Amino acid sequence: MLKATLLQNKMRTLFISDLHLHESRPEITRAFFDFLHTQAVGAEKLYILGDFFDAWIGDDDDSALNTEVAQELKKLSNSGTDIFLMHGNRDFLLGENFAERAGAKMVDEGTIIDLYGHPTLILHGDQLCISDQQYIAFRKQVRSPQWQQQILAQPLAARRILAAQLREKSQEMNSLKAEDILDVTESEVVQVMKDANVKRLIHGHTHRPARHPLQIDGESAERIVLGDWHDKAWAIVADDNKFELISWDIE
Ligand SMILES: [Mn+2]
């Protein structure tokens with residue numbers, strides 16, 4: 001059960017990622033709604049850093065899950081929390097239409113936010129895993145507007161079949177286990193942080209939640225990795241004097 005820790009301060013920002021919401025895992029959806037109702041309500045901002053949905057075949061997919069998730073986010077948005085959605089490698093087809101229904105804004109990968117005075121780079125994280133050239137090529141293809149338009153032009157039923165085929169094609173790509181997901185390439189992390197001129201990076205994707213202190217040009221920096229939601233849920237809670245990576249059990 002979720003502990004009501006440190007969460008009474010209104011000026012706080014939350015980060016989550018890799019919920020992999022799917023009809024087959026209703027307990028995760030319940031845990032997410034519980035999180036919205038207890039932790040997120042009253043927060044200044046909520047960032048969802050990708051792979052929020054396990055799959056996304058277009059904003060016109062009006063499944064019960066998608067509709068309910070949009071409604072719950074919209075309630076939070078209406079209560080005064082700004083919600084930001086970032087693409088992951090599963091839900092890269094999430095679009096403005098869904099965001100609008102959810103009362104959320106899409107936020108680009110690689111955005112630098114001012115987190116209570118700390119410039120913070122936010123990413124999904126797959127772009128840091130550069131040792132798999134095949135994946136990098138796949139990513140380039142599926143992120144191209146032309147490819148996406150071609151896919152979205154197909155009828156919903158055809159896209160459902162395509163999604164199922166994509167999942168079958170690679171068992172590994174379908175796995176949520178950390179050992180089946182590549183970890184980041186450290187040199188790429190340093191390069192990306194240098195390019196952005198930040199000392200703090202938050203990402204998900206690897207399903208390896210941790211805080212990694214590092215040195216960049218002789219200065220202390222930190223990479224914080226959000227966890228995926230399965231037995232446990234993970235979030236970052238930040239305010240003007242705290243920054244914590246927290247987790248709790250999903251029942
Ligand atoms: Mn991912």
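The side chains of Asp54 and Arg90 meet in a salt bridge, with N and O 3.0 Å apart; a salt bridge here is a side-chain nitrogen of Lys or Arg within 4 Å of a carboxyl oxygen of Asp or Glu. The pair links distant parts of the chain, 36 residues apart. Asp54 lies in the loop between β2 (45-48) and α2 (64-78), and Arg90 in the loop between β3 (82-85) and α3 (96-101). Helices (H or I, at least four residues) and strands (E, at least two) are DSSP runs numbered from the N terminus. The model is a predicted one, in which local features need pLDDT of at least 70 and side-chain atom pairs count only at pLDDT 80 or more, while totals for chains, interfaces and linings use all residues. Residues are numbered from 1 along each chain as its sequence is written, and side-chain values use heavy atoms, with hydrogens and water left out.

Asp54 has a relative accessible area of 6% and is buried; Arg90, at 13%, is buried as well. Buried means under 20% relative accessible area, exposed over 50%, and partly exposed in between (1.4 Å probe, protein chains only).

The structure holds 14 salt bridges. Glu109, Asp126, Arg139 and Arg143 are linked in a network of them. Arg143 and Asp126 form a salt bridge through their side chains at 3.8 Å, N to O. Arg143 is in the loop between α4 and α5 (145-152) and Asp126 in the loop between β6 and α4, so parts 17 residues apart in sequence are tied together. Arg143 is partly exposed, with a relative accessible area of 22%, whereas Asp126 is buried at 0%.

A manganese ion is coordinated by Asp51 (OD), Asn89 (OD1), His124 (NE2) and His205 (ND1), at 2.0 to 2.2 Å. Donors are N, O and S atoms within 2.8 Å of the metal (3.2 Å for Na, K and Ca); water is not among the atoms, so sites may look incomplete. The donor residues are spaced D-x37-N-x34-H-x80-H in sequence. Asp51 counts as buried at 2% relative accessibility, and His124 is buried at 0%.

His205 lies in the loop between β7 and β8 and counts as buried at 8% relative accessibility. The side chains of His205 and His124 make a polar contact of 3.2 Å. A polar contact is a pair of N or O atoms within 3.5 Å; within protein, one must be able to donate a hydrogen and the other to accept it, and residues adjacent in sequence count only if both atoms are side-chain atoms.

Five strands form an open sheet of mixed pairing, in the order β5-β6-β7-β9-β8; two strands pair if DSSP finds at least two bridges between them. β5 (111-115) and β8 (210-216) stand at the edges with a single partner strand each, so one side of each is left without a neighbour in the sheet. Strands β6 (residues 118-122) and β7 (residues 200-203) pair in the parallel sense over 2 bridges. Ile122 stands opposite Ile202 in β7.
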